[in-house]
Amino acid sequence: MINFQYSRPGDIADAVRQIAADPRAKFIAGGTNILDLMKYDVERPAHLIDISRLPLTGVEETASGGMRIGALVPNSDLSYHPLIEARYPILASAIRAGASQQLRNMASTGGNLLQRTRCLYFYDVATPCNKRAPGSGCSAIDGINRQNAILGTSDACIATHPSDMCVALAVLEAKVHVAGPAGERVIAFEDFHRLPGKTPERDTNLAPNEIITAIELPARGFAKNYTYIKIRDRHSYAFALVSVAAALELEGKTIKEARLALGGVAHKPWRNKEVEATLNGQPATRESFRSAADALLRDAKGFGHNDFKVELARRAVVRALTQAAQGTPQSQSNKKIV
Amino acid sequence: MTFRNALTLNINGSEHEVFIEPHWTLLDVLRREIGLTGTKENCIEAECGVCTVLLDGKAVCSCILLAMQAAGRSITTIEGLGTPDALDPLQVAFLKHGAVQCGYCIPGMILTAKSFLAEHPGTPTRHEIREAISGTLCRCTGYQKIIDAIADAGAEGAQAAS
Ligand SMILES: Cc1cc2nc3c(=O)[nH]c(=O)nc-3n(C[C@H](O)[C@H](O)[C@H](O)COP(=O)(O)OP(=O)(O)OC[C@H]3O[C@@H](n4cnc5c(N)ncnc54)[C@H](O)[C@@H]3O)c2cc1C
Ligand code: SF4
Ligand code: FES
Ligand code: FES
């Protein structure tokens, strides 16, 4: 790891001032992604601005019945927060499906959103990668692409966003509160992460001189009919090949509203609201779930090693909707998928 | 020229003053500067857990934590857990169950379990224990005796608390 200047800003305004003043600076929160990338020489910041002591650690109820989560709340604390467990269990569950106890203790809420969308080659500085070195080419398209994307890909990049937490935040339609030199703004979760297009070097719509201050959850938590399923090469401590967050509102056996987000399949947590809408008013049966899954994966395209993900995702969607409808969410300790 | 920063770390209840470069991890400083070699080094990329220490009581990987970030926090390494005459209940349980083979993963394993049991008092299921230690790899034991030991220590803790 290269050496760098280290500073600890006194408040948010100071943090924004420091990052705006130094284009070679980066924030560090939990450090679990930025330091990992620095060890591989993928990131080479000249200056790390340590925001981990800023007072952004609250988890509070909002006036509109939702919750506001400070950007520095550790993933583990958020997952075990009694109000999150009770009202947004899909979020608690998705967080617990990710990484390890140690990493969840270190990782911050804001940092989890901003961990890089990536693939094996992004880490290997000896190989071409449009995300790491724009214009150099993509090694994954014709390379080892088992972990890579099947939806929303471009000729430039087929990487996946690896977060579990973000898949649940997509379903919950969270809002991202940010601050920058021009003041504060709020970004809808679906507008936060980007598809690769021609500019895979940009993962999100956050400006380089902005800081995430909080994540806001709307009042609806879908605590009754939800699940988070994560399918990976081993039961624990591996990134998702495919994951699904499913949330339903039922009226008897009829679906009033359905929300679905997929992880491990695209450059961002993947939602398709048109497909979700086709479930509204339908009976909560396997047939309905299967036709939604087919529609969701209709445009999916594999690149060789990851072709299996298309069928895997289809089945995982059906399984997730079934679990959600039955009110039997996936356990993240007993990994058996039932 | 490299510049160094003065840093005071609170480790196992005592203060240590060190002069470090900003890119040094807590693991580097514990082993090389302070000589606390109970904390092990292996993958240095948060994959294996042998470098686990407690930061304000919670298990973290010291290989991916800047030492500067630990300023003012309380750090516990395996050297700070129990004494030869009064072992920590987890250390007793690991001995009783024969949960140690080569021993390389054990400091990290015990601290991982310590953090987990502190946050989840009561009697965790084997599934929960498995998940809790999934970030701490052991290449010798096959884990079963480690899980027995943690379950036993958890049950004793729950009994002592009731
Ligand atoms: C071995 C390993 C396994 C993992 N497995 C999983 C997994 O299974 N599932 C999963 O979801 N994740 C997994 N992760 C990823 C982990 O969840 C992320 O690394 C973590 O959430 C990042 O948070 P952080 O606070 O440590 O971020 P940092 O590393 O501190 O920061 C990440 C990026 O965000 C920026 N940043 C941080 N906070 C802010 C802010 N408030 N405002 C603006 N910019 C900010 C930093 O500048 C940096 O660019 C794994 C990581 C490792 C190392
Ligand atoms: S998929 Fe994206 S991150 Fe991976 S090699 Fe191609 S350009 Fe780089
Ligand atoms: S040495 Fe830190 S996790 Fe392996
Ligand atoms: S006892 Fe040898 S690695 Fe665990």
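## Close-up views of a two-chain predicted model

Ligand 1 lies between chains A and B. The model is predicted: local features need pLDDT of at least 70, side-chain atom pairs count only at pLDDT 80 or more, and totals for chains, interfaces and linings use all residues. Residues are numbered from 1 along each chain as its sequence is written, while chains are lettered from A and ligands numbered from 1 in the order in which they are written.

**View 1. The shell around ligand 1.** Of the 32 residues around this ligand, Gly30(A), Gly98(A), Gly110(A), Gly111(A) and Leu114(A) come nearest; a residue is near a molecule if its C-beta atom, placed from the backbone, lies within 6 Å of it. At least two shell residues each come from strand E2 (25-28), helix H2 (34-39), helix H6 (101-106), helix H7 (109-114) and strand E8 (211-217) of chain A. Helices (H or I, at least four residues) and strands (E, at least two) are DSSP runs, numbered from the N terminus. H7(A) gives the largest share, four residues. The shell has 17 nonpolar, 11 polar and four charged residues (Ala, Val, Leu, Ile, Met, Phe, Trp, Tyr, Cys and Pro count as nonpolar, Asp, Glu, Lys and Arg as charged, and the others, Gly among them, as polar).

**View 2. The shell around ligand 2.** Cys119(A), Tyr121(A), Cys129(A), Cys138(A) and Cys157(A) come nearest of the 15 residues around ligand 2. By class, 10 residues of this shell are nonpolar, three polar and two charged.

**View 3. Helix H13 of chain A.** H13(A) (residues 308-326) has 19 residues and reaches 27 Å from its first C-alpha to its last, close to the 27 Å expected (1.5 Å times one less than its number of residues). Its buried residues include Lys309(A), Ala313(A), Val317(A), Arg319(A), Leu321(A) and Gln323(A). A residue is buried if 20 or more other C-beta atoms lie within 10 Å of its own, exposed if 12 or fewer, and partly exposed in between, with C-beta atoms placed from the backbone. The cover over the buried residues of H13(A) includes strands E9 (226-231), E10 (242-251) and E11 (254-263) and helix H12 (286-297) of chain A. Gly327(A), with a positive phi near 70°, follows the helix.

View 4. Strands E1 (residues 5-11) and E2 (residues 14-20) of chain B pair in the antiparallel sense over seven bridges; pairing requires at least two bridges found by DSSP. Asn10(B) stands opposite Glu15(B) in E2(B). Two residues lie between the strands, and Asn12(B) in this hairpin takes a positive phi near 50°. Glu17(B) is placed in strand E2 of chain B, and counts as exposed because it has 8 C-beta neighbours inside 10 Å. Leaving aside neighbours within four places in sequence, Glu17(B) is in contact with Ala6(B) and Thr8(B) (C-beta atoms, placed from the backbone, within 7 Å).

**View 5. The contact between the chains.** 29 residues of chain B are in contact with 24 residues of chain A. On the chain B side, strand E4 (58-61), helix H3 (106-119) and helix H4 (126-132) give two or more residues. That side divides into 12 nonpolar, 12 polar and five charged residues.

**View 6. The two domains of chain B.** The domain assignment, automatic or from a database, gives domain 1 (5-80) and domain 2 (89-161) of chain B. Their centres, taken over C-alpha atoms, are separated by 22 Å. 14 residues of domain 1 of chain B are in contact with 13 residues of domain 2 of chain B.

Methods:
Contact = placed C-beta atoms within 7 Å.
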